[in-house]
Amino acid sequence: MAEVPEVETLVRDLRAAVVGRRIDGAQVLRPEAVRFPAPDEFERLIAGRIVENATRRAKHMLMPLSGGLMLAVHCMLWGTLRLIERGAARPAATLIVWMLDRGEELWLLDTLGYARAALAPPEELARRLDLDSLGPEALDADFGPAVLMSRLARRRAPIKTVLLNQKVLAGLGNRDADESLWLAGIDPRRAAGGLAPAEIEELTQAIKAVLDEGIRLRGTQRDLFGVQGKARHRRNIFERAGRPCPRCGTRIQHTRIGTRNTYWCPRCQR
DNA sequence: CGCTACCTGGGT
DNA sequence: ACCCAGGTAGCG
C-alpha cells in the first residue's frame, strides 16, 4: 500500500499540519517498531522537541527535530500515519503514538506490524539506515535518461527487479514499476542492461508520469487526516490479470519475477 | 544476486 | 484451512 505516492502524500500533510509543532511525548506500544534507540530512550529523547521539517528519501519519511535529532519513519508494506485529536480510540494496529501540542496525536499504524521508526542525530541516522547508498530520486529534476542509462548499464537481472532496487533508483514500488513498464511498452522480464536508449528515454518519462499522477491523486490509501486517496482505481494493469489491456485489449498476464507479483501486456510490452 | 523472514487480515 | 500482500534487512 505504501509506495512513493502514498509516502509523499503523508509527507506533504506532515508539512502542512505537523511541522512547527511540539512533540510533548511518545508512547511505544510495540517495541519492535523502534529500530533505534531502545524504546524507553526513544520516548525520553523525543519529548519537548519541535518538528522542524518533513521530507522524503526513497520511501523513508524524515523529520528533523529541534536539538539536532532526526526522526525517520518507514511504512514498509501497510503502515501509515494518522493525525487525530487526543482521546480517540487507538486501533489494535497502533505501533507508536506521538503526543503533539494542541491536544493532538500522531499515530503510526500497521496491521501487518512491519512499519518502523528510528531516532538519531542526522549523520548517524543516515549511516545506520544506509541513506547515502540510495540511488537518485526518480522525481528529482536532474533525473533523466542519461542517469537511468548509467544505472542500468551491464545489469543482467530483469528490468522489473532492478527498478525495485532503491540503490539503483529511489522511488518505485511493485505497483508503480509494473505501471511504468506498461506505459513505456517494455517487457518486465528483459535484462535491464539490454534496453535501447530510446526505450530508456520512454521509461524515464513513464516513471515520472506514473509517480506524478499517483501524487496528484494523493495515493491509493488514506492520508494523514483519514481522507481516502483517489488513485485506487487508476491502475492500467496492476492486479488486473485476465482483463483487457487498456491500450490494445489483449488479456493482461500475471507472473512472478523474483518473488514479486508482476502484471504486463504481452502485446504492447516488448 | 537470489532467497527467506518478518506479521496479521483479508481473499480464495 | 489455506494462501498471500504494494518492502526491506540479512543471509549465503
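Visitor: Leaving aside its neighbours within four places in sequence, which residues is Val 11 in contact with?

Guide: This is a predicted model. Val 11 lies in helix α1, residues 4-17. Once neighbours within four places in sequence are set aside, the contacts of Val 11 are Ala 54, Thr 55, Arg 56 and Met 61.

Visitor: Does Val 11 count as buried or exposed?

Guide: Buried means under 20% relative accessible area. Val 11 has 1% relative accessibility, so Val 11 counts as buried.

Visitor: How far apart in space are Val 11 and Asn 165, C-alpha to C-alpha?

Guide: In sequence, 154 residues separate Val 11 from Asn 165. In space, the C-alpha to C-alpha distance for Val 11 and Asn 165 is 22 Å.

Visitor: What kind of aromatic pair do Phe 42 and Trp 98 form?

Guide: The count of aromatic pairs comes to two. For Phe 42 and Trp 98, the ring centres are 6.4 Å apart and the planes are at 55°. Planes under 30 degrees apart count as stacked, over 60 as edge-to-face and the rest as tilted. The pair of Phe 42 and Trp 98 is therefore tilted.

Visitor: How many residues apart in sequence are the parts that Phe 42 and Trp 98 tie together?

Guide: Both Phe 42 and Trp 98 are buried. Phe 42 belongs to helix α2 (residues 39-46) and Trp 98 to strand β8 (residues 94-100), so the pair ties together parts whose separation in sequence is 56 residues.

Visitor: What kind of aromatic pair do Phe 238 and Tyr 263 form?

Guide: Phe 238 and Tyr 263 are both buried. Phe 238 sits in the loop between α7 (197-216) and β11 (253-257), and Tyr 263 in strand β12 (residues 260-264), so this pair ties together parts 25 residues apart in sequence. The centre to centre distance is 5.2 Å and the angle between the planes is 70°, which makes the pair edge-to-face.

Visitor: Which residue lies over the face of Trp 182?

Guide: Arg 128 lies over the face of Phe 36, at 3.9 Å from the ring centre. For Trp 182, the distance from the ring centre is 4.0 Å, and the residue over the face is Arg 247.

Visitor: Which residue has a polar side-chain atom 3.2 Å from a base nitrogen of DNA strand B?

Guide: DNA strand B is surrounded by Thr 111, Leu 112, Tyr 114, Arg 155, Ala 157 and Thr 259. The polar side-chain atom 3.2 Å from a base nitrogen belongs to Tyr 114.

Conventions
Residues numbered from 1 in each chain as written. Chains lettered and ligands numbered in written order. Predicted model: local features only at pLDDT ≥ 70, side-chain atom pairs only at ≥ 80, totals over all residues. Heavy atoms only, no water. Near = heavy atom within 4 Å. Polar contact = N/O pair within 3.5 Å; in protein donor to acceptor, adjacent residues only side chain to side chain. Phe/Tyr/Trp six-rings, centres within 6.5 Å; stacked < 30°, edge-to-face > 60°. Helix = DSSP H or I, 4+ residues; strand = E, 2+ residues; numbered from the N terminus. Buried < 20%, exposed > 50% of the residue type's maximum accessible area, 1.4 Å probe, protein only. Lys NZ or Arg CZ within 6 Å of the ring centre and 35° of its normal. Contact = heavy atoms within 4.5 Å.
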